[in-house]
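Reader: I am new to protein models. Can you show me how to read one, feature by feature?

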Amino acid sequence: MIPDLIPLSGSPWDVLPPGVHVATFAEVEVRFAYNERRRELFGGLVEASVNLVSAGCQRIILDGSYTTAKPIPTDYDACWDPTGMDFTKLDPVFGDFDNGRANQKARFGGEFFPSTMVESGSGRAFLDFFQVDRFTGEQKGVLSISINTDQAVARRMKQ
């Protein structure tokens with residue numbers, strides 16, 4: 001279950017409380033896909049997850065302004081767990097970090113990083129980096145989605 005958003009002094013929007021919160025795409029859709037832009041981003045997120053599952057990915061972490069109270073987010077941020085993946089089946093776009101991840105954003109509406117990859121500015125792995133609010137430096141939450149067992153992904157893979 002996705003917890004209620006909380007205010008964080010100095011942050012422009014309410015955020016998830018600190019921690020890694022387990023969610024399904026059905027829950028993400030109900031909570032965060034409430035306008036046209038957010039629905040568009042949600043569709044790209046599910047599409048990307050189908051691609052990741054095809055390479056053996058089991059879990060993503062969802063972050064960014066999409067998981068806040070920002071009414072019209074520009075994109076979302078996600079990281080994927082590389083454990084047990086067959087990288088020969090991974091779409092090359094997931095390794096394309098050029099031009100601010102422009103190709104990832106154009107295709108899926110958001111940015112994807114391996115969860116173990118280190119974010120250069122902070123020296124933290126993306127899984128940890130995503131749990132820090134960029135405006136305040138305070139801890140905030142992220143969503144963990146088991147994409148390999150999620151019904152929304154399974155339905156899309158059958159199509």
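This is a predicted model: local features need pLDDT of at least 70, side-chain atom pairs count only at pLDDT 80 or more; totals for chains, interfaces and linings use all residues.

Reader: Where is Asp75 placed?

Author: Look for the elements on either side. Asp75 sits in the loop between β2 (60-63) and β3 (77-80).

Reader: Which residues is Asp75 in contact with, leaving aside neighbours within four places in sequence?

Author: Contact means heavy atoms within 4.5 Å. For Asp75 the list is Arg37, Leu41, Ser65, Tyr66, Lys105, Gly109, Gly110 and Glu111.

Reader: How many helices and strands are there in the protein chain?

Author: Count each kind, then read the order. The protein chain has five helices and seven strands. From the N terminus on, they run β-α-α-β-β-α-β-β-β-α-β-α.

Reader: What radius of gyration does the protein chain have?

Author: Set the value beside the one for a compact globule. With 159 residues, such a globule would be near 15 Å; the protein chain has 15 Å, so the two agree. Its C-alpha trace spans about 45 × 35 × 25 Å along the principal axes.

Reader: What share of the residues is buried?

Author: In the protein chain, 49% of the 159 residues are buried. The accessible surface comes to about 7900 Å², and 51% of that belongs to carbon and sulfur atoms.

Terms used. Residues are numbered from 1 along each chain as its sequence is written. Side-chain values use heavy atoms; hydrogens and water are left out. Helices (H or I, at least four residues) and strands (E, at least two) are DSSP runs, numbered from the N terminus. The radius of gyration is taken over C-alpha atoms; the globule rule is 2.2 Å times the number of residues to the power 0.38. Buried means under 20% relative accessible area, exposed over 50%, partly exposed in between (1.4 Å probe, protein chains only). Accessible areas come from the Shrake-Rupley method with a 1.4 Å probe; for residues, only the protein chains shown count as cover.
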